[in-house]
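I opened this notebook to record a few look-ups on one structure.

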Amino acid sequence: MEPKDGGLLIVLSGPSGVGKGTVCKALRSRMPELVYSVSATTRAPREGEREGTDYFFRTREEFLEMIRSDALLEYTEYVGNYYGTPRDFVERTLAEGKDIILEIDVAGARQVKEKFPRGVFVFLLPPSFEALKQRIAGRGTEPPEIIAHRLRKAAEEVARVRDYQYAVVNDDIEACCARIQAIITAEHCRSERVPPGYFREFERMTSAGPISER
Ligand code: 5GP
């Protein structure tokens with residue numbers, strides 16, 4: 001299913017620790033009409049994370065069942081855990097004409113791009129490698145081997161930046177949100193997004209056929 005004049009499907013990726021969660025939260029308070037896709041995961045909840053708000057926390061069995069029943073738009077295994085996007089919610093939101101943002105990794109983004117080539121793909125970059133290293137270590141919630149693994153994974157993720165149409169540096173939360181809002185506004189203004197019905201009266205004045213098909 002590919003929306004023509006419905007909502008935008010926005011994918012936000014970036015390495016672990018770049019601040020995707022913070023950016024998403026800030027965006028949602030600035031753009032209350034933007035819908036956020038809550039992922040399912042087999043990872044244990046971090047302190048303060050809530051079921052159904054941050055993630056749908058599922059057992060491995062439950063997750064495998066979601067894969068089997070094709071309930072996920074995409075999924076990936078990331079540092080030993082499964083993460084996936086519930087399909088129904090995304091499709092329903094787009095059909096209602098609303099914009100939805102998916103905060104997912106590069107492997108998931110690749111799967112989404114196959115299904116939604118007209119999606120808007122945004123990659124969040126840290127101001128520098130050093131800044132990212134400090135963010136990952138400073139969180140203090142994970143053992144050193146997991147931190148090292150996340151840093152390696154981060155470098156691999158950054159290497160995929162060219163798969164995305166947009167690269168936004170998260171140097172300052174306000175500036176970062178303003179850039180993403182500008183991207184969303186621009187995407188809504190693309191000429192191919194004007195609904196064909198808009199042109200009806202104009203088409204009656206010419207004999208060259210439907211404007212949206214030229
Ligand atoms: P965390 O454990 O830090 O919450 O997330 C780890 C990574 O998984 C992040 O890069 C995050 O963007 C990604 N992620 C979260 N949900 C999904 C999802 O539904 N699908 C995919 N492919 N990646 C996800």
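Entry 1: I looked up Cys-176 and found it buried, at a relative accessible area of 0%; buried means under 20% relative accessible area, exposed over 50%, and partly exposed in between, with a 1.4 Å probe and protein chains only. The model is predicted, so I noted that local features need pLDDT of at least 70 and side-chain atom pairs pLDDT 80 or more, while totals for chains, interfaces and linings use all residues. Residues are numbered from 1 along each chain as its sequence is written, and side-chain values use heavy atoms, without hydrogens and water.

Cys-176 is in no disulfide, and its nearest cysteine sulfur, in Cys-177, is 5.9 Å away.

**Entry 2: nonpolar cores.** I took a core as a set of buried Ala, Val, Leu, Ile, Met, Phe, Trp, Tyr and Cys residues joined through side-chain atoms within 4.5 Å. The largest has 27 residues, and Ile-10, Leu-12, Leu-27, Leu-124 and Ile-180 have the most contacts inside it. Its largest share, five residues, comes from H7; helices (H or I, at least four residues) and strands (E, at least two) are DSSP runs numbered from the N terminus. I listed the contacts of Leu-27 (heavy atoms within 4.5 Å): beyond four places in sequence, they are Leu-34, Ile-101, Cys-177, Ile-180 and Gln-181. Another core, of 17 residues, lies apart and includes Phe-116 and Tyr-164.

**Entry 3: Glu-74.** I located Glu-74 in strand S5, residues 72–78. Glu-74 is buried, with a relative accessible area of 3%. Among the residues it touches, beyond four places in sequence, are Tyr-83, Thr-85 and Gln-111. The side chains of Glu-74 and Thr-85 are joined by a polar contact of 2.5 Å.

**Entry 4: largest pocket.** I recorded about 880 Å³ of space in the largest pocket. Of its 32 lining residues, Gly-21, Arg-43, Arg-46, Tyr-55 and Glu-103 lie nearest the centre. Which element gives the most to this lining? H1 does, with six residues.

Note on methods
A polar contact is a pair of N or O atoms within 3.5 Å; within protein, one must be able to donate a hydrogen and the other to accept it, and residues adjacent in sequence count only if both atoms are side-chain atoms. A disulfide is a pair of cysteine sulfur atoms within 2.5 Å. On a 1 Å grid over the protein atoms alone, a cavity is a set of points where a 1.4 Å probe fits but cannot get out, and a pocket is an open set with protein on both sides within 12 Å along at least five of seven lines; lining residues have an atom within 4 Å of a point. Grid points are joined across faces, edges and corners, and a volume is the space filled by probe spheres set on the points.
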